[in-house]
Amino acid sequence: MMEMTDAGHGARESAAMRAMFAARKEVFIDLLGWDLPVLADRFEVDQFDTPDAQYLILLGPDHVHRASARLLCTQGEHILGHLYPYLCAGIVPTGPTVREITRFCLDRHQRSVERRSARNQLVSTLADHAIRHGITDYTGVAEQAWFDQISRFGWDCRALGPSVRHGRDLLVGLHIRIDHTTIDKLRAGGVYEPIRFALIGSDLEPLARAGDMLS
């Protein structure tokens, strides 16, 4: 597991970023068939992978990608607010303490028991990170089946509106409130599995240079 680190691209951080972008392609494009841009035939990188994006990346002892998530500031462009605002019955939640969870990615080469542990550890990491850094709310867009799973973790997770059919998918806008009770709720739900983790800023300045970083 990587230690918590400042944003940057030393050798270890760059390797973690490459592993994450490669895993995202394998999961979201190769497995799920999403229509997303591909860089160098190996990496899934989109318009939201900007210098403002941050990433939580969980690595195994051999530095192989296990799980990751991207966090977007909701005061700028983000997926729920700019692509799917109609998933919200009211105003899209935004603010300096609100982050959007995107690209929640579990490496597809893990066994089911390993994937479940990686999922729990990433959820725990998201909660721990929020509490440490004053994040009060997470938002996101999820398929209905994934939302149903997330909402049973024990934390305060609710739909922002009714589910909406988008192509072959049934999508839900979600809202997770984080407070001093969140960890206990996740623990009671059998999900909390704390670990040490890395927070890495994208530093893709500009995005056109992403190919240099990932080559």
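## The whole chain

Start with everything shown: among contacts (heavy atoms within 4.5 Å) between residues at least 6 apart in sequence, 70% join residues at least 24 apart. What you are looking at is a predicted model, so local features need pLDDT of at least 70 and side-chain atom pairs count only at pLDDT 80 or more, while totals for chains, interfaces and linings use all residues. Residues are numbered from 1 along each chain as its sequence is written, and side-chain values use heavy atoms, with hydrogens and water left out.

Now switch to cartoon view. The protein chain has six helices and 10 strands; these are DSSP runs numbered from the N terminus, with helices being H or I of at least four residues and strands E of at least two. The chain has 215 residues, and 50% of them count as buried. Buried means under 20% relative accessible area, exposed means over 50%, and partly exposed is in between (1.4 Å probe, protein chains only).

## Stop 1

Select residues 112-133. This is helix α3, with 22 residues, and it reaches 31 Å from its first C-alpha to its last, close to the 32 Å expected at 1.5 Å a residue (the expected span is 1.5 Å times one less than the number of residues). Step on to Gly134, which follows α3 and has a positive phi near 75°.

Next, find the largest nonpolar core. A nonpolar core is a set of buried Ala, Val, Leu, Ile, Met, Phe, Trp, Tyr and Cys residues joined through side-chain atoms within 4.5 Å. The largest one here has 30 residues, and those with the most contacts inside it are Ile101, Tyr138, Trp155, Ile176 and Leu186. Elements that give two or more residues to this core include β3 (54-59), β5 (98-106), β6 (137-143) and β9 (169-177). Which element gives the largest share of this core? That is α3, with six residues.

Click on Trp155. Leaving aside its neighbours within four places in sequence, Trp155 is in contact with Val123, Ile150, Ile176, Ile178, Thr182, Lys185 and Leu186. Then look for a second, separate core of 20 residues, which includes Ile79, Leu80, Leu87 and Val92.

## Stop 2: rings

Show the aromatic side chains. The structure holds six aromatic pairs. Rings of Phe, Tyr and Trp (its six-membered ring) pair if their centres lie within 6.5 Å; planes under 30 degrees apart count as stacked, over 60 as edge-to-face and the rest as tilted.

Zoom in on Phe21 and Tyr55, an edge-to-face pair at 6.0 Å centre to centre, with 75° between the planes. Phe21 sits in helix α1 (residues 11-31) and Tyr55 in strand β3, so this pair links distant parts of the chain, 34 residues apart. Are these two buried or exposed? Phe21 is buried, with a relative accessible area of 0%, and Tyr55 is buried at 0% too.

Now select Trp146 and Phe153. Their ring centres are 6.4 Å apart and their planes are at 80°, so this pair is edge-to-face. Trp146 is partly exposed at 24% relative accessible area, whereas Phe153 is buried at 3%.

## Stop 3: strands around β9

Colour β9 and look at its partners. Two strands pair if DSSP finds at least two bridges between them.

- β6 pairs with β9 in the antiparallel sense over seven bridges, and Val141 stands opposite Gly173 in β9.
- β7 (residues 156-159) pairs with β9 in the antiparallel sense over four bridges, and Cys157 stands opposite Ile176 in β9.
- β8 (residues 164-166) pairs with β9 in the antiparallel sense over three bridges, and Val164 stands opposite Leu171 in β9.

Check the hairpin of β8 and β9: it has two residues between the strands, and Gly167 takes a positive phi near 65° there.

## Stop 4: Asp41 has a positive phi of about 60° although it is not a glycine, and at 68% relative accessibility it counts as exposed.

Finish at Arg103 in strand β5. Arg103 is not a glycine either, and its phi is positive, near 50°. Arg103 counts as buried, at 10% relative accessibility. Show Phe28 as well: Arg103 lies over the face of Phe28, at 5.6 Å from the ring centre. A charge sits over a ring if NZ of Lys or CZ of Arg is within 6 Å of the ring centre and within 35 degrees of the ring normal.
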